[in-house]
Amino acid sequence: MKTDSSTSAAPLRGLGGPLRSSEPVHAAPAPSPAVVLLEEAADLLVVHLDFQAALETCERAWRSLASDVQAEEHAGTSLEVKCSLCVVGIQALAEMNRWQEVLSWVLQYYQVPEKLPPKVLELCVLLYSKMQEPGAMLDVVSAWLKDPDNQSLPEYRALADLHLQRVLLPLGRLSEAEELVADSVAFCEEQWLDALQAIRMARQQQKHEHPGSEEAQKPNQAASPSSLPFLYKLAQIFHRIRDAMFSSLYRLPVQD
């Protein structure tokens, strides 16, 4: 079969006109250094179980984000990367039994509690609650819940309920618990009824037990909706954030 030389010599034509060999072919954007470091940190954490190296890699990624002038152009992806770095860093610190450092480590990057991503705040509450130190999260979560910008987030109600079950009730802060429940923004009707019942039970328990006893400080902790083992819960959150982060990365428009 003969080939028409005039056809083979003609430039390929697409929707944008002739494609000449001198024109660049746009490929998918290369991941940013922070994304590469995030992948490396996750690999060190999960595969190699090198928790110190995973933590240090997360910190390198944070420094990379701070110096990345393009990060502002893709703010959504940058936020997902930051959140994922926190998830890896929190688990690395927990694995090294340095869980007491988690809150200060996270806040050095977000500066104020109100700016913490909901998933990061959730992990911190679960960790400090599991380690029987819910008081460390009292002011942090309270400040986050009072911020007007956070009250419009879809995770707000779940975090309000987590604060009630994992922080306020175990600490016996029943007046603060009642104030939180009275806030119609924080609870739907079903949650409101369940929360009132939990507070009522906690108050009855306080009346029947000696004030300050160890058991009085832990009312209804087993009734919490987030009672999965901590690391299993963390792994679930990490995978959700990771999948969302990479899907948004590949949807980024190609720049000329």
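Which handedness does the crossing of α9 and α10 have? The crossing is left-handed. The legends below cover this pair and further close-ups of a predicted model.

**Figure 1. Overview of the chain.** The predicted model holds 11 helices and 2 strands. Along the sequence, the elements run α-β-β-α-α-α-α-α-α-α-α-α-α. Of the 256 residues in the chain, 40% are buried. Take the contacts between residues at least 6 apart in sequence: 67% of them join residues at least 24 apart.

**Figure 2. Helices α9 and α10 pack against each other.** Two packed helices are described by the angle between their axes and the distance between the axes. Helix α9 spans residues 174-182, and helix α10 spans residues 189-208. Their axes come within 10 Å and cross at roughly 165 degrees. An angle over 145 degrees counts as roughly antiparallel, so α9 is roughly antiparallel to α10. The α9 side of the contact consists of Leu 174, Ser 175, Ala 177, Glu 178 and Val 181. These meet Trp 192, Ala 195, Leu 196, Ile 199, Ala 202, Arg 203 and Gln 206 in α10. By class, the contact of α9 with α10 has 8 nonpolar, 2 polar and 2 charged residues.

**Figure 3. Helices α6 and α8 run side by side.** The axes of α6 and α8 lie 10 Å apart, at an angle of about 10 degrees. Angles under 35 degrees count as roughly parallel, so α6 is roughly parallel to α8. From α6 come Pro 118, Leu 121, Glu 122, Val 125, Leu 126 and Ser 129. Their partners in α8 are Leu 159, Leu 162, Arg 166 and Val 167. This contact of α6 with α8 has 7 nonpolar, 1 polar and 2 charged residues.

**Figure 4. Leu 164 and the largest nonpolar core.** In soluble globular proteins, nonpolar side chains tend to be buried together. The largest nonpolar core here has 64 residues. Val 106, Leu 116, Met 137 and Leu 164 touch the most other members. Helix α4 (residues 75-95) gives the most to this core, with 9 residues. Leaving aside neighbours within four places in sequence, Leu 164 is in contact with Leu 169, Pro 170, Ala 177, Leu 180, Val 181, Phe 187, Ala 195 and Ile 199. Two of these partners, Ala 177 and Val 181, also take part in the contact of α9 with α10.

**Figure 5. Pro 170 in helix α8.** Pro 170 is found in α8, which covers residues 156-171. Is Pro 170 buried or exposed? The relative accessible area of Pro 170 is 5%, and buried means under 20%, so Pro 170 is buried. Glu 133 lies 37 residues from Pro 170 along the chain, yet their C-alpha atoms are separated by 9.6 Å.

**Figure 6. Helix α5 and the residue that follows.** In helix α5 (residues 102-110), the buried residues are Val 102, Leu 103, Trp 105, Val 106, Leu 107 and Tyr 110. Gln 111 sits in the loop between α5 and α6. At a relative accessible area of 61%, Gln 111 is exposed.

Figure 7. Most residues other than glycine have a negative phi. Gln 111 has a positive phi, near 70 degrees. Gln 132 also has a positive phi, near 60 degrees. The place of Gln 132 is in the loop between α6 and α7. Gln 132 has 43% relative accessibility and counts as partly exposed.

Definitions and conventions. Residues numbered from 1 in each chain as written. Predicted model: local features only at pLDDT ≥ 70, side-chain atom pairs only at ≥ 80, totals over all residues. Heavy atoms only, no water. Helix = DSSP H or I, 4+ residues; strand = E, 2+ residues; numbered from the N terminus. Buried < 20%, exposed > 50% of the residue type's maximum accessible area, 1.4 Å probe, protein only. Axes fitted to C-alpha atoms, helices over the stretch in contact; angles between N-to-C directions. Parallel < 35°, antiparallel > 145°, perpendicular 65-115°, else oblique. Left-handed = near helix turned anticlockwise from the far one by under 90°. Contact = heavy atoms within 4.5 Å. Nonpolar A, V, L, I, M, F, W, Y, C, P; charged D, E, K, R; others polar. Core = buried A, V, L, I, M, F, W, Y, C linked by side-chain atoms within 4.5 Å.
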